[in-house]
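Biologist: Could you show me how to read helix packing and burial in a model? I would like the general idea each time, and then the case at hand.

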Amino acid sequence: MQRTFWDNLKRDLEAPIEARGFGSGWFAGFFGIVLAFVGAGMVAALRWPDWFSMPELDVIRAWGGFRPLVHATLLASYGLALLSLLLRPRKALGATALVMALGATILGGAAVQPQETRDWGVFFGIDFFVVNMVATGLMFAPLERLFPRNGGQRLFRQEWREDLFYFLLSSMLVQLITFLALAPSGYVNTHWGWLNGTRTAISGLPWLVQFALAMLLTDLAQYWFHRLFHRVPFLWGFHAVHHSAKAMDWLAGARMHFIEIVLLRGVTSLPLLTLGFLPSVMQAYVGLVYVYASLVHANLRGDFNGLGKWLVVPRFHHWHHAIEAEGVDKNFAIHFPILDRIFGTYYFPEGKWPQGFGVPEQVPSGYLAQMKYPFVRKQA
Ligand SMILES: [Zn+2]
Ligand SMILES: [Zn+2]
């Protein structure tokens, strides 16, 4: 039953362009779902304040206009849901928006009162997950439509559900993973006193210099971590999951094995957390790296032959994912291509793009199958 409904929703979302035009109810249904999701997130923020970990959000919750805004959001999602149900022969989009808006109303709607909750003991971070997802989606989905590299590719392309699931899960686990990564850096901070001189020096630098240095040092750690995962056959099994995406867009970058994410964050956050950077520099870096990771995978045109020599642009990282032999084991840097130039792995042919993306081996599709893949994969 549930599966049938999900299949209907998927079919409706992936409807051909002809069935999405003005008056077809597709956009009403789609934005009805987006608004119902945002509205439900805002209701949850009011109902379970303990689940939310960003103190900045208290200001928004306390703002007098917040509840009217929740009310307006839910009303708009109801309106769009009804419009879509009216206009559209297929009802999956409208029905989903309606059920989500109803769910948010049952949770308490705009008049919801805070509930006592147990202490979860971990950072749940539902707010980060909602804010990050909506902001990234709202930024890149329209950009990819306006300036597509591959104009025939749609948001609801092949395997978009898998990549959205990766995106949701890793956004949700951001705080948990950061929390785990605090353990090794906490050890370094208390036991490695010889770094104190460096820490004092770094914390005295101007903010922008600290920020650039933080980017460079994390990218240096990332470069060798990344290269190791390409070199060691057992580790490649994990990283092959990331490279298995056959289409590049802002969602594709989220496809990464859970174990690789935890290890990658642990390694790259070490210089960030142990070398005396100001907290605001660390926060700004964490915020930037999310947008940047989506950007380098995004389906965006623009050759950037000059800029791409100094800062990683989409075409630079697209070559890292290329199916062609000339792109294999090239461009490991994620911020500064100079690292690839220094270590001999730079490949950025002027104005040229790869023909396709992916790996020669057959990586299974589906989240669970991909989590198992490194352990069952036959090594050549
Ligand atoms: Zn790679
Ligand atoms: Zn990538």
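Modeller: Happy to. Axes are lines fitted to C-alpha atoms, for helices over the stretch in contact, and angles run from 0 to 180 degrees between N-to-C directions. Helices (H or I, at least four residues) and strands (E, at least two) are DSSP runs, numbered from the N terminus. This is a predicted model, where local features need pLDDT of at least 70 and side-chain atom pairs count only at pLDDT 80 or more, while totals for chains, interfaces and linings use all residues. Residues are numbered from 1 along each chain as its sequence is written, and chains are lettered from A and ligands numbered from 1 in the order in which they are written.

Biologist: How many helices and strands does the protein chain have?

Modeller: The chain has 15 helices and zero strands.

Biologist: How do I describe a packed pair?

Modeller: Two packed helices are described by the angle between their axes and the distance between the axes. Take helix α9 (residues 207-231) and helix α12 (residues 279-297): their angle is about 50 degrees and their axes are 10 Å apart. That makes α9 oblique to α12; under 35 degrees counts as roughly parallel, over 145 as roughly antiparallel, 65 to 115 as roughly perpendicular and the rest as oblique. The crossing of α9 and α12 is right-handed, meaning that the near helix is turned clockwise from the far one by less than a right angle, with anticlockwise for left-handed.

Biologist: Which residues of α9 and α12 meet?

Modeller: W207, Q210, F211, A214 and M215 of α9 meet V281, A284 and Y285 of α12, a contact being two C-beta atoms, placed from the backbone, within 7 Å. This contact has seven nonpolar residues, one polar and no charged. Here Ala, Val, Leu, Ile, Met, Phe, Trp, Tyr, Cys and Pro count as nonpolar, Asp, Glu, Lys and Arg as charged, and the others, Gly among them, as polar.

Biologist: At what angle do α2 and α4 pack?

Modeller: About 155 degrees, with axes 8 Å apart. That makes α2 roughly antiparallel to α4, and their crossing is left-handed. Among the residues making the contact are G32, L35 and A36 of α2, and T73, L74 and S77 of α4. By class, the contact has 14 nonpolar, six polar and no charged residues.

Biologist: And how is a core defined?

Modeller: A nonpolar core is a set of buried Ala, Val, Leu, Ile, Met, Phe, Trp, Tyr and Cys residues joined through C-beta atoms within 7 Å. Buried means 20 or more other C-beta atoms within 10 Å of a residue's own, exposed means 12 or fewer, and partly exposed is in between. The largest nonpolar core has 27 residues, and I33, A36 and A97 are among those with the most contacts inside it. Two or more residues come from each of α2 (26-47), α4 (66-87) and α5 (92-106), and α2 gives the most, with 13.

Biologist: Is N331 buried or exposed?

Modeller: N331 is buried, because 24 other C-beta atoms lie within 10 Å. By contrast, D329 counts as exposed, with 12 C-beta neighbours inside 10 Å. Both D329 and N331 lie in the loop between α13 and α14.

Biologist: What should I look for in their backbone angles?

Modeller: Most residues other than glycine have a negative phi. D329 has a positive phi of about 60 degrees, and phi of N331 is near 55 degrees, also positive.
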